[in-house]
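Welcome, and please load the model in your viewer.

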Amino acid sequence: MLRGRSVTLRPVTDADVPALAAIRATPEVRRWWRGGDDQVAAVRADLADDGLTVYAIEHDGRVVGAIQWYAESDPDYRHAGLDVFLDPEVRGAGLGGDAIRTLARHLFDDHGHHRLVIDPAAANTAAIRAYAKVGFRPVGVMRRYERAEDGTWHDGLLMDMLAGDLAD
């Protein structure tokens, strides 16, 4: 369990799946996370991925989102990547930034990573602003990076943060 200023990050349990699926089904989240018509299956697929560590984001005793990370283990390219989604009802309260800072400190301090990456859609300006506040910097646009549900491709923005970049 990881504690931030306002959030607690804890491993996701089966009991969290309906709440996380409901959050992912909101139009604001589904636009970026997709997952098809069965969001429960999409959440369960993330939990079944041995390469991901998934935490529920709790605030005031309620699950308000999830944050997950993976590691590149090749010693010459070692880094961690992360993804996050938050219930639209709690956006603007600083909970996403708190969750990212909390996980980033854990990855830097406890896992010894020196660099973190995140790759929002280039059109997701709200997420990009939030990541920049925490200390992520744009690296470059990945053209036609991800396919949308309608089959079209859209650009992604690769962002990274070094241990010394983490903003309080």
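What percentage of the 168 residues of the protein count as buried? The share is 43%, where buried means under 20% relative accessible area with a 1.4 Å probe and protein chains only. Before going on, note that this is a predicted model, in which local features need pLDDT of at least 70 and side-chain atom pairs count only at pLDDT 80 or more, while totals for chains, interfaces and linings use all residues. Residues are numbered from 1 along each chain as its sequence is written, and side-chain values use heavy atoms, with hydrogens and water left out.

**The whole fold**

Switch to a cartoon view to find five helices and eight strands; these are DSSP runs numbered from the N terminus (helices H or I, at least four residues; strands E, at least two). Traced from the N terminus, the order is β-β-α-α-α-β-β-β-α-β-α-β-β. The radius of gyration is 15 Å, close to the 15 Å that the globule rule gives for 168 residues, so the protein is as compact as a globular protein of that length. That radius is taken over C-alpha atoms, and the rule is 2.2 Å times the number of residues to the power 0.38.

**The cores**

Next, select Leu9, Ile57, Ile67, Leu82, Leu103, Leu116 and Phe136, the residues with the most contacts inside the largest nonpolar core, which has 31 residues. Such a core is a set of buried Ala, Val, Leu, Ile, Met, Phe, Trp, Tyr and Cys residues joined through side-chain atoms within 4.5 Å. Color H4 as well: the largest share of this core, seven residues, comes from it. Another core, of 13 residues, lies apart, and Val12, Ile23, Val29 and Phe85 are among its members.

**The largest pocket**

Now show Val84, Phe85, Asn124, Ala127 and Tyr131, which lie nearest the centre of the largest pocket among its 36 lining residues. On a 1 Å grid over the protein atoms alone, a pocket is an open set of points with protein on both sides within 12 Å along at least five of seven lines, a cavity is a set where a 1.4 Å probe fits but cannot get out, and lining residues have an atom within 4 Å of a point. H5 provides the largest share of the pocket lining, seven residues.

**The cavity**

Finally, select Leu20, Arg24, Val43, Asp46, Leu47, Val54, Ala66, Gln68 and Phe85, which line the largest cavity. H3 gives the most to this lining, with three residues.

How values were computed
Buried means under 20% relative accessible area, exposed over 50%, partly exposed in between (1.4 Å probe, protein chains only).
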